[in-house]
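Hi,

Here is the structure I promised to pass on to you. Have it open while you read, and I'll walk you through what turned up.

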Amino acid sequence: MCKDNRQNLEFVNIFITSTIKLFLDDTRMRNFTSCFKDKKFLAFFFKRLKKNDTGRYVEHFPYVSLCGPERNFIRCDDLPIVFTKVLKMYNSATKKTEDCFGYAHAEELLMVPFQPDKIYMDIQSGRVYHPAPEKAGGIGLVRSKIAIEFSPLFNFEKGEENGPTHIFWENKKYTLDCNWYKDKVPQAVR
């Protein structure tokens with residue numbers, strides 16, 4: 001942790017792996033015992049996550065989580081939002097059960113509506129993406145375990161070398177929108 005006495009701000013550098021583990025950036029041994037695990041802390045941290053528009057350390061830390069006087073500068077393997085679980089949630093307004101996509105291992109506290117037609121697979125990396133909160137870049141990585149579960153649901157009408165064109169989700173065939181991600185964070189999927 002660093003302290004900037006001019007502005008009385010504290011700085012912490014954070015690293016997020018593609019397996020959704022949150023570490024202090026200088027942690028040498030990155031494993032389950034050295035990562036942050038408390039769901040309330042993770043929700044607090046990720047609800048404040050956004051693109052780094054502070055003008056400081058942007059090249060090395062493209063994201064920031066502002067937590068009071070603390071500035072958590074963040075870098076990651078791919079993207080900071082990693083979806084970890086599809087949840088069925090009851091919506092009292094519509095009186096229907098809806099699918100939500102939970103992220104950051106705090107699924108019950110951090111989620112977005114699951115949009116099966118917005119699943120995007122990068123055919124170069126094989127990674128799968130879904131829309132995420134806009135302030136965090138608007139795009140999130142789907143955890144590998146979930147992407148593998150999705151793989152038999154994909155349909156490749158233009159051949160596997162061109163990526164999936166449809167997904168079968170809950171007995172319905174969705175045409176995949178392959179344009180939504182193009183204006184999202186530059187380092188993600190181009």
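Predicted model: local features only at pLDDT ≥ 70, side-chain atom pairs only at ≥ 80, totals over all residues.

Two stretches need some care. Residues 1-11 stay under 50 in pLDDT, and the model has 25 contacts for them beyond four places in sequence. Residues 23-34 also stay under 50, with 26 such contacts.

Strand β14 (residues 166-169) and strand β15 (residues 172-175) run antiparallel and are joined by four bridges. They form a hairpin with two residues between the strands, and Glu 170 there has a positive phi near 50°.

What is the order of the strands in this open sheet of three? It goes β13-β14-β15, and the pairing is antiparallel. β13 (154-155) and β15 are the edge strands, each pairing on one side only. β13 is held to β14 by two bridges, again antiparallel, and Phe 154 has Ile 167 in β14 as its bridge partner.

Lys 173 counts as partly exposed because its relative accessibility is 40%, between the cut-offs of 20% and 50%.

**The six-stranded sheet**

There is another open sheet, this one of six strands in the order β9-β8-β7-β12-β11-β10, with mixed pairing. β9 (111-113) and β10 (120-121) are at its edges, and each of them pairs on one side only.

Do strands β7 and β12 pair in the parallel or the antiparallel sense? β7 (residues 82-91) and β12 (residues 139-142) are parallel, over two bridges. Val 82 has Leu 141 in β12 as its bridge partner.

Further along β7 you'll find Met 89. It has a relative accessible area of 33%, so it is classed as partly exposed. Leaving out residues up to four places away in sequence, Met 89 touches Lys 96, Thr 97, Glu 98, Cys 100 and Met 111. Its C-alpha atom is 6.8 Å from that of Cys 100, which is eleven residues away along the chain.

**The helix and the core**

Which residues of helix α1 (residues 39-47) are buried? They are Leu 42, Ala 43, Phe 45 and Phe 46. Because these residues cover an arc of only 165° around the axis, they end up on the same side of α1. The background is simple: an α-helix has 3.6 residues a turn, so residues three or four places apart point the same way.

The largest nonpolar core has 38 residues, and those touching the most other members are Phe 46, Ile 81, Phe 101, Tyr 103 and Phe 150. Helix α1 is the biggest giver to this core, with four residues. To see how many neighbours one of these can have, click on Phe 101: beyond four places in sequence, its contacts include Phe 83, Val 86, Leu 110, Val 112, Phe 114, Val 142, Ile 146 and Phe 150.

How many salt bridges does a search of the whole structure find? The search gives seven. One of them joins the side chains of Glu 108 and Lys 39, at 3.5 Å from N to O. Here too the partners come from distant parts of the chain: Glu 108 is in the loop between β8 (96-103) and β9, Lys 39 is in helix α1, and 69 residues separate them. Glu 108 has a relative accessible area of 48% and is partly exposed, and Lys 39 is partly exposed as well, at 36%.

Another salt bridge pairs Lys 50 with Asp 53, whose closest N and O atoms are 3.1 Å apart. Lys 50 is partly exposed at 23%, whereas Asp 53 counts as exposed at 57%, because the cut-off for exposed is over 50%.

Technical notes: Residues numbered from 1 in each chain as written. Heavy atoms only, no water. Buried < 20%, exposed > 50% of the residue type's maximum accessible area, 1.4 Å probe, protein only. Arc of directions from axis to C-beta. Pairing = 2+ DSSP bridges. pLDDT = per-residue confidence, 0-100. Contact = heavy atoms within 4.5 Å. Core = buried A, V, L, I, M, F, W, Y, C linked by side-chain atoms within 4.5 Å. Salt bridge = Lys/Arg side-chain N within 4 Å of Asp/Glu carboxyl O.
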